[in-house]
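Please open the structure in your viewer and keep the selection tool at hand. The tour below goes from one selection to the next and says what is to be found at each stop.

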Amino acid sequence: MHIIPSFALYFAAKVREEGYDPAEMPWRIALIGAEPHTEETRQRIEELLKLKAYNSYGLSEMNGPGVAFECTEQNGMHVWEDAYIAEIIDPATGEHVAEGEIGELVMTTLTREGMPIIRYRTRDLTRFMPGECACGRTCRRIDRIAGRADDMLIIKGVNIYPMQIEQALMSMPEVGQNYLIELIREGYMDQIKVKVEIKDEYFVEDMRALQGLQKRIASSLCNEILVTPRVELVMHDSIPKSPGKAVRVVDLRDKE
Ligand SMILES: [Zn+2]
């Protein structure tokens, strides 16, 4: 299946709810992409659906999915360099970044005839992975997409990418499949509030019992983003699922 990662997690929960055993289903491979996601999310998808999940990269302006794919090594996506020239630049200066550094991916098509695209700024942040891949392919690999150049949040003077929050959350076993980052204003300060779905087996009505978990999540997020966010624990399936790509950040600063 070719599936968006946030939907794969939702789908996995539904498969179980409907009483199917993922291990007995005929699927073997998922190609996941179209949405930045972490290694922790990939591992969850593999475990929950009992398949191998390979990262893929594409953009509708180029050809849709299939600009770069992971091989069986699952360690970076090979760009089809016979069809594209890939460059990575500093989004502020437009200059190439040093080898291995994160920057904005810029793509040029080589085989398109009707509508060639030259040095297209994708706004996607990634880096070239150093060295050669163990699979033997020689096309260079890009790392998983770290976010969008325009996704960056600045809270209390600290630059934060939503992917850092996902990484911290998805490594905690109590955390369910969905979360939402809200930007709020407290007094004159901008603050982050993270709503986190908790798995049923850890959720109890008495919120006092969950305070320990809430504190642990807040401190693990603080280690990652250097700002202590407000954390609200909510029940499984209580954050509305957006159709299509997941909405991870909501700005409520001018609405309160
Ligand atoms: Zn490879």
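By class, the residues that line the largest pocket comprise 15 nonpolar, 10 polar and 9 charged ones, in what is a predicted model. The volume of this pocket comes to about 750 Å³. To find its middle, select A34, E35, P36, R148 and K245, which are the closest to the centre among the 34 lining residues.

Next, colour the elements that give two or more residues to this lining, namely the strands β3 (52-59), β4 (64-70), β8 (120-126) and β10 (147-148), together with the helix α3 (162-170). Which element gives the largest share of the lining? That is β3, from which 5 residues come.

For the last stop, show the side chains where the two helices meet: P5, A8, L9, F11, A12 and R16 belong to α1, and they meet T41, R44, I45, E47, L48 and L49 of α2. Sorted by class, the residues of this contact between α1 and α2 are 8 nonpolar, 1 polar and 3 charged.

Conventions. Residues numbered from 1 in each chain as written. Predicted model: local features only at pLDDT ≥ 70, side-chain atom pairs only at ≥ 80, totals over all residues. Heavy atoms only, no water. Contact = heavy atoms within 4.5 Å. Helix = DSSP H or I, 4+ residues; strand = E, 2+ residues; numbered from the N terminus. Nonpolar A, V, L, I, M, F, W, Y, C, P; charged D, E, K, R; others polar. 1 Å grid on protein atoms, 1.4 Å probe; cavity = no way out; pocket = protein on both sides within 12 Å on 5 of 7 lines; lining within 4 Å. Points joined across faces, edges and corners; volume = space filled by probe spheres on them.
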